[in-house]
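Here are my notes after going through the model you sent.

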Amino acid sequence: MCINFPFTQKSAHLAKSYWKEGRRFVVWGRDELCISDCVKKEEKDETQYFTGSNVNEIPEDFVLEETNININEATEVNGDVALTGNININNAFMAVGDIVFDGDVKNSNNSVIYSKYGSIVIDSQNVNLNGLVYAPFGDVVVKGQNLNLNSVIIIANKITCFKSA
């Protein structure tokens with residue numbers, strides 16, 4: 001899904017028209033946009049981002065709460081992830097399980113956020129996403145007061161974006 005316009009009811013209807021083709025469809029609810037039945041990417045894409053000597057491999061769950069969290073090198077977590085703070089993803093980021101980002105979230109430089117078998121939850125006042133958000137066997141939930149989805153591709157079983165209270 002690429003949203004390059006303000007996230008409003010009118011823009012959701014534009015997205016609905018665009019995504020009706022093929023097996024993908026959009027459901028519009030109260031402050032919610034959901035796209036289901038997305039295609040699954042092949043696992044060969046995993047090797048494109050997470051191989052080589054420049055990958056930070058974390059062998060277990062990764063839980064971190066700090067004021068500023070910067071991911072500047074490709075990171076692969078063999079477990080679940082829970083990051084709380086001002087999160088800036090500047091490179092490929094993968095977890096085998098669930099990924100939960102709580103705080104201001106920005107993925108830049110067309111980076112990748114990838115959950116191999118889990119879901120991705122981004123709960124923030126300010127969300128700035130571009131690049132790829134990929135959860136082929138889980139859901140992607142993006143909640144925030146200010147959503148900036150610019151040149152982003154989101155692939156998941158179910159995608160939900162809504163304005164938080």
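1. Starting with the overall make-up: the chain has 13 strands and 2 helices. Bear in mind throughout that this is a predicted model.

2. On confidence, the average pLDDT for the chain is 75, and 69% of the residues score at least 70. Which elements sit at the two ends of that scale? Strand E8 (residues 99–102) has the highest mean pLDDT of the elements, at 95, while strand E1 (residues 25–29) has the lowest, at 40.

3. Over residues 1–42 the pLDDT stays under 50. The model still gives that stretch 79 contacts beyond four places in sequence, but I'd read them with the confidence values alongside. Strand E1, at residues 25–29, is the element with that mean of 40.

4. Next, burial and surface. Of the 165 residues in the chain, 44% are buried. The accessible surface is about 8,700 Å², and carbon and sulfur atoms account for 45% of that.

5. How much of the contact set links residues 24 or more positions apart? Taking contacts in the chain with a separation of 6 or more, the share is 19%.

6. Now the strand pairing, with E5 as the link. Strand E3 (residues 55–58) runs parallel to strand E5 (residues 74–77), and 4 bridges join the two. Within this pairing, threonine 75 in E5 has asparagine 56 opposite.

7. E5 also pairs with strand E7 (residues 93–95), again in the parallel sense, over 3 bridges. Here valine 77 has alanine 95 in E7 as its bridge partner. When you look at side chains along these strands, remember that in a regular strand they alternate between the two faces of the sheet.

8. How many salt bridges are there? The count comes to 1. The side chains involved are those of lysine 143 and aspartate 123, at 3.8 Å from N to O. Aspartate 123 belongs to strand E11 (residues 120–123) and lysine 143 to strand E12 (residues 126–144), so the pair ties together parts 20 residues apart in sequence.

9. Buried would need a value under 20%.

How values were computed: Residues numbered from 1 in each chain as written. Predicted model: local features only at pLDDT ≥ 70, side-chain atom pairs only at ≥ 80, totals over all residues. Heavy atoms only, no water. Buried < 20%, exposed > 50% of the residue type's maximum accessible area, 1.4 Å probe, protein only. Contact = heavy atoms within 4.5 Å. Areas by Shrake-Rupley, 256 points an atom, 1.4 Å probe, with all protein chains shown as cover. pLDDT = per-residue confidence, 0-100. Salt bridge = Lys/Arg side-chain N within 4 Å of Asp/Glu carboxyl O. Pairing = 2+ DSSP bridges.
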